[in-house]
Amino acid sequence: MTTEWRVFANPDALIDALAGALQAEATAAIAARGVFHLVLAGGSTPRALYQVLAERDAGDARWHIWYGDERCLPTDHAERNSVVVESVWLAASRIPAGNRRPIPAERGAAEAAEVYAGWLAGVPDFDVALLGMGEDGHTASLFPGRDWGTEADSPDVLAVAGAPKPPPERVSLSAARLNRSAKVWFVITGTSKRDALRQWQGGEALPVAAVHGREETAAWLDAVAWPADDHRWQG
């Protein structure tokens with residue numbers, strides 16, 4: 001599937017538009033099926049999004065929250081994705097605790113992957129998966145040179161060992177599970193992502209290129225992330 005490149009002048013403009021689009025997707029999903037299943041990403045730019053969603057009082061009992069990946073750290077560790085999201089948005093939201101499902105990565109990668117896969121069994125495909133991208137083209141905790149779980153019979157959740165960035169032990173949704181999402185939205189900002197974006201656009205085999213939505217794949221970018229020698233967008 002072709003990726004749609006959505007480029008904004010700055011991160012604030014990106015976040016404002018993304019928050020509005022996400023709320024619109026929730027409204028549409030709830031109107032159609034009564035629920036909205038959303039996968040969340042970690043990182044500084046998604047954190048800014050979650051702060052805006054908190055300000056807008058986004059979410060209610062019809063929202064169901066999942067995570068794309070998690071670091072195997074204690075439950076209250078500040079570097080866990082779930083700790084960040086809870087602190088800036090979910091804890092004070094109208095989304096019930098039972099609808100917010102952090103990956104139990106404190107149990108270790110293998111056990112946590114098995115448990116999370118059990119929780120996902122029978123859960124409908126995600127409406128929107130929010131993901132980031134690293135400087136090496138990784139997304140979630142799917143790293144270059146590793147198993148991304150792209151085959152149709154791959155497990156929904158992968159135990160990751162020996163990750164190239166700390167901590168080495170992680171848990172990640174597989175590409176196969178993410179690829180069943182209706183929409184996959186990558187949120188990417190900063191000049192450090194330019195080389196990976198250029199490689200992605202050039203067709204290189206990166207983890208980020210292996211993940212796509214059934215209906216839509218979009219990369220939400222700020223202008224400085226867009227490769228400077230690509231003039232398809234002029235800021």
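**Helix α6.** I looked up burial in α6 of this predicted model and found A196, L197 and W200 buried (under 20% relative accessible area, with exposed over 50% and partly exposed in between; 1.4 Å probe, protein chains only). They sit on the same side of α6, because they cover an arc of only 100° around the axis (the arc of the directions from the helix axis to the C-beta atoms). An α-helix has 3.6 residues a turn, so residues three or four places apart point the same way. I then checked what the buried residues of α6 pack against: β1 (3–8), β8 and β9 (216–222), with contact taken as heavy atoms within 4.5 Å. Helices (H or I, at least four residues) and strands (E, at least two) are DSSP runs, numbered from the N terminus. After α6 comes G203, with a positive phi near 90°.

**Ground rules.** I number residues from 1 along each chain as its sequence is written. In this predicted model, local features need pLDDT of at least 70 and side-chain atom pairs count only at pLDDT 80 or more, while totals for chains, interfaces and linings use all residues; side-chain values use heavy atoms, with hydrogens and water left out.

**Aromatic pairs.** I searched the whole structure and got 11 aromatic pairs. Rings of Phe, Tyr and Trp (its six-membered ring) pair if their centres lie within 6.5 Å; planes under 30 degrees apart count as stacked, over 60 as edge-to-face and the rest as tilted. One of the pairs is W66 with F126, tilted, at 6.4 Å centre to centre and 50° between the planes. W66 is in strand β3 (residues 63–67) and F126 in the loop between α4 (109–120) and β5 (128–131), so the pair ties together parts 60 residues apart in sequence. W66 is buried, at 1% relative accessible area, and F126 is buried at 1% relative accessibility.

I also noted F186 with W200, edge-to-face, at 5.2 Å centre to centre and 80° between the planes. F186 lies in strand β8 (residues 183–188) and W200 in helix α6 (residues 194–201), so this pair ties together parts 14 residues apart in sequence. Both F186 and W200 are buried. W5, F186, W200 and W226 form one aromatic cluster.

**R177.** I found R177 over the face of F126, 4.6 Å from the ring centre; the test is NZ of Lys or CZ of Arg within 6 Å of the ring centre and within 35 degrees of the ring normal.

**R100.** Where is R100 placed? It is in the loop between α3 (81–88) and α4. R100 is buried, with a relative accessible area of 16%. I list I65, E86, L90, A91 and I95 as touching R100, not counting residues up to four places away in sequence.
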